[in-house]
Amino acid sequence: MHLQFVGSGDAFGSGGRFNTCFHVAGAQANFLIDCGASSLVGLKRLGIARDAIDTILVSHFHGDHFGGIPYFVLDAHFGKRARPLVLAGPAGIEGWYLRALEAAFEHFSTIKLAFDLKIVTLPERVATALGPLRVTPFPVVHGNSGGPFYAYRIEVEDRIIAYSGDTEWTDALTEVAHGADLFVTECYAYDKPIRYHLDLAAIERNLARLDAKRLVLTHMSDAMLAQIGKVKHETASDGLVVEL
Ligand SMILES: [Zn+2]
Ligand SMILES: [Zn+2]
């Protein structure tokens, strides 16, 4: 199994990186974690088969995590996708999906898609089975617009993949990351705290409590990227593959 960073960027294209999107593929599992606005471009650039993806997990409804879904869905529709697709995320996902689709392509929110799109609301702190995945969302702290905000703990094919979503420090992250084979965490800032986001100093203060086997930083701003040479932790880049 592997996780590939399709997009390791923030909302604003810092460092020329694509918006957040991770592709995970194993013996059975094939899914995305987030699908930011640039994700379809990123998937095609990496040669990832769009129609093999069964599930898209959404951490929250900001455009850099969710905005690629209209392009993904309509490209699949016009490509005559046959395989069902599951779109799963926090409460309100169906309304966000319809509004995003309509904003991107007027009148397309009412068409009959070529494939079965199942939209699933994931309750917080409850494990939900989605095909080969067992997904437990944890509420995190990321402001007042575009929520609810989730971090994810994903059990899949005897591995645990954990992801912070966008958030400031919250003790829930210790539960998300506990014993995970991989913990991918946002690290938007270097040493200046930015409200509703993590900075490297905050992650390092809590490092002993994050007992994941492997830590990878993502969602870095220009200020964080400028310091990347000094960072002792593994950092994501677009296209990076993590074997699990
Ligand atoms: Zn973001
Ligand atoms: Zn966000």
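Modeller: Two strands count as paired if DSSP finds at least two bridges between them; helices (H or I, at least four residues) and strands (E, at least two) are DSSP runs, numbered from the N terminus. This is a predicted model, in which local features need pLDDT of at least 70 and side-chain atom pairs count only at pLDDT 80 or more, while totals for chains, interfaces and linings use all residues. Residues are numbered from 1 along each chain as its sequence is written, chains are lettered from A and ligands numbered from 1 in the order in which they are written, and side-chain values use heavy atoms, with hydrogens and water left out.

Biologist: In what order do the 7 strands of the open sheet stand?

Modeller: Strands of a sheet pair through backbone hydrogen bonds, either parallel or antiparallel. Here the order is β6-β5-β4-β3-β2-β1-β14, with mixed pairing. Because β6 (117-121) and β14 (241-243) are at the edges, each with a single partner strand, one side of each lacks a neighbour in the sheet.

Biologist: How many bridges join β4 to β5?

Modeller: Strands β4 (residues 55-57) and β5 (residues 85-89) run parallel and are joined by 3 bridges; in one of them, Thr 55 has Val 86 as its partner in β5.

Biologist: Which strands does helix α3 lie across?

Modeller: Axes are lines fitted to C-alpha atoms, for helices over the stretch in contact (heavy atoms within 4.5 Å), and angles run from 0 to 180 degrees between N-to-C directions. Helix α3 (residues 69-78) lies across β3 (30-33), β4 and β5, at about 165 degrees to β5.

Biologist: Which residues are the protein donors of the zinc ion (ligand 2)?

Modeller: Donors are N, O and S atoms within 2.8 Å of the metal (3.2 Å for Na, K and Ca); water is not among the atoms, so sites may look incomplete. His 60 (NE2), His 62 (ND1), His 142 (NE2) and Asp 166 (OD) lie 2.1 to 2.4 Å from the zinc ion (ligand 2).

Biologist: Why is the arrangement around the zinc ion (ligand 2) irregular?

Modeller: Four donors count as tetrahedral if all angles lie between 85 and 135 degrees; four count as square planar and six as octahedral if opposite donors are over 155 degrees apart and all others between 65 and 115; anything else is irregular. The 4 donor atoms here subtend angles of 91 to 172 degrees, which makes the arrangement irregular.

Biologist: Which residue coordinates both zinc ions?

Modeller: Asp 166 does, and the two ions are 3.5 Å apart.
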